[in-house]
Amino acid sequence: MMNGLGNLGHLGRLGHVSTSGTNHPEVEASGRAFPIWNTKSGDNKLMSLSIHGRTEQIGTPTPANPVPMRSVGDTGLFLSVMPDKAGSDYQLLNIKEAMKKAGHDGILRSVNGIYDEVVYNGKEWKLIQRIGVSTGFTVTSISTLNSNGDLREVLIRGSVKGTQVTPDISVFYSNKFYYTGDSTSNKWNKVYGVWTNSLRYGFTVVYDITDYPTEEALKAMIEDESTIYYYVLFTPAEYSLDLPAITTYDEQTYFASNAAEVKPRMIARCKVSKALDYIREGLIGYYTGRGRSNTDENKNILPDLSGNGNDLENKNFTYTPESGYGDGYIQYDGVDDFSSVVKAMTNIDFTILFTISDVELLTGNSWSGLIYGSSYYLGINKGICFSSENRYIMNGNVSNTNFNISNKGKEIFVVGCFNGGKENKVIGITLGSINNSPIYACKQKIYDALIYNRELTEEEIKHNYKASCQYNGEDIDGKAGENNEF
């Protein structure tokens, strides 16, 4: 095992199509499962691949009702590389087993947007571990700060039972506490909520003395090996992995993992015969969460990649996993997040396309986003397309049947609609809400959003769907195991 990469190491970036040289164009692709189009066969065409850790926790943990932290590789992690989605032929790599042989536990975790990562550089493989695990916490002191009836706010001093915690990250995960970051008067409503500047120095928690009448009882629970803590390491660790080179196929190469419950996002960079990209003719707005981070210097700006200067400004984001940039997407919190620009445009025809998932309606009238005027709206409202033309787009197909993508969980959709036939006066663009205001905010993940000043043909719609699958991935069911089952 080797140590390195400074305090946090490389956290991952994703670009678009490389135009450097026409003889050897390159593309970057990503997702939980994705195709790379126009690949060439060989074991030297895939330039890089990374597999990202992810940790999920469903519910609010307390000592009486612990909530497990599920992560990539908990029950297996295989990578399949295939000539197509059907998997008629495939290369199967046992990623978890390689990590275990290198001395790791074979699980890829994340905390607050920072993740463990398996990296392939076209020749060699390695694991970068950025997340530490502590089974219990060594308590050196407990200090009572405030009281409210049976509730106590206490400062826990001590250290993790593992490699040193970074002082730069405050958030940590536990199966018995939930991180709130809240030291205000509202803390009394968050029993077993925790906050800290860094777990390196300890943490503050609100607890109920009827559950733990003595400090010794509280200490015993915090120190017990059944109390698990995930945290960001001060110095990432690197492990060399014994895995083979990856061979790409002619025309298409498909990547998928059959991790059981928590599937990793993967990013690949590959040489191709021809780079497939979104249709550019008529594109007046192009926004993406790929390659963005909550630590970007320009994080408040969502740039317009169409080159037309219609940049959006992010409003009310806290730049956390719940409100900001995720791993390849923009996370809107459904409370007051939105991105917007006031821009006057007059046109007859428009086409909008969203690559989107996890649409949750926290209010009765949530808007995913739209282009709008004083009497003109074109967008997605309550998971349903809002358009007067009654022509809708769903995953590359055009029909007169509207869609509803609300409350469908993690499934990724590429949806949109047309509007034309009369002059439409637009005064602005908003994502995450409506009318340059948070009043109708929608909780969702937006991967890409495209706006055209013309109606795309059905062939162009199918082309853009293929491009979105390459850039953002698609859903593919599977389970961990040696069989290539999806």
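1. Terms come first. Two strands count as paired if DSSP finds at least two bridges between them. Strands (E, at least two residues) are DSSP runs, numbered from the N terminus.

2. On provenance: this is a predicted model, where local features need pLDDT of at least 70, side-chain atom pairs count only at pLDDT 80 or more, and totals for chains, interfaces and linings use all residues. Residues are numbered from 1 along each chain as its sequence is written, and side-chain values use heavy atoms, with hydrogens and water left out.

3. Strand 26 (residues 330-333) pairs antiparallel with strand 36 (residues 443-452) through 4 bridges. Asp333 sits opposite Lys443 of strand 36.

4. Strand 26 also has an antiparallel link to strand 25 (residues 324-325), made by 2 bridges. Here Tyr325 faces Ile330.

5. An open sheet of 7 strands runs in the order 23-24-27-35-29-30-31, with antiparallel pairing. Strand 23 (301-302) and strand 31 (384-386) are the edges; each has a single partner strand, so one side of each lacks a neighbour in the sheet.

6. Within that order, strand 29 (residues 367-372) and strand 30 (residues 377-381) are joined antiparallel by 5 bridges. Trp367 has Asn381 in strand 30 as its bridge partner.
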